[in-house]
Amino acid sequence: LQEDGSLKVDRWMRASVADALYAAGDIATFPLWPTWEHTRVEHWRTAQQHGRTAAQAMLKEGNGYMGVPIFWSLHFEQSIRYVGHTDAFDEIIYSGEPESRTFLAYYIKGGYVVAVSGSNRDRELAAVEELMRLQRMPSVAELRAGEIDLIALLAQA
């Protein structure tokens, strides 16, 4: 067990290769693209993704966990969505103004977009999930240069 009570697993959700012990969901600390740092995400959707990955691994199929965590919440009639995951970041690049409640916030770590949060930009956040999965997110330089049409970028992928 890790200090937080989780089990460290590889990208196939294996806690032990020799014993064929798998862990998924809230208990799993797993490597997350693009940094491959081990992280723990306690959310039901990630647990579902992990379960599919573990089942494929048990059947000797699949390529390991390449999912993208997604969270959402509603507070005081304001919806916030979060794609990806990070415990720390080097920088945030904004598209739109958070005060306007219509924005995207790109969380940058080690030169990569590791997470994006936002409000009232659901189509773009859905595109972010797929762009992250495909490893086709815009570069930090592109984000700094100005507004990017994520929907059009996804159509090119």
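Predicted model: local features only at pLDDT ≥ 70, side-chain atom pairs only at ≥ 80, totals over all residues.
User: Which side chain meets Lys109 in a salt bridge, and which parts of the chain does the pair link?

Analyst: The partner is Glu37, with an N to O distance of 3.0 Å; Lys109 belongs to strand 9 (residues 102–109) and Glu37 to strand 5 (residues 37–40), so that distant parts of the chain, 72 residues apart, are linked.

User: Is Lys109 buried or exposed, and what of Glu37?

Analyst: Buried means under 20% relative accessible area, and Lys109, at 18%, therefore counts as buried, whereas Glu37, at 38%, is partly exposed.

User: Which residue forms a salt bridge with Asp122?

Analyst: Arg81 does, the closest N and O atoms being 2.9 Å apart; because Asp122 sits in helix 2 (residues 122–133) and Arg81 in strand 7 (residues 78–84), the pair ties together parts that are 41 residues apart in sequence. Asp122, with a relative accessible area of 39%, is partly exposed, and Arg81, at 25%, also counts as partly exposed.

User: How is the salt bridge of Glu130 with Arg133 placed in helix 2?

Analyst: Their closest N and O atoms are 2.6 Å apart, and the two residues, being three apart in helix 2, are separated by about one helical turn. Glu130 counts as partly exposed at 26% relative accessibility, as does Arg133 at 41%. Elsewhere, salt bridges that share partners join Asp4, Arg40 and Glu42 into one network.

Notes: Residues numbered from 1 in each chain as written. Heavy atoms only, no water. Salt bridge = Lys/Arg side-chain N within 4 Å of Asp/Glu carboxyl O. Helix = DSSP H or I, 4+ residues; strand = E, 2+ residues; numbered from the N terminus. Buried < 20%, exposed > 50% of the residue type's maximum accessible area, 1.4 Å probe, protein only.
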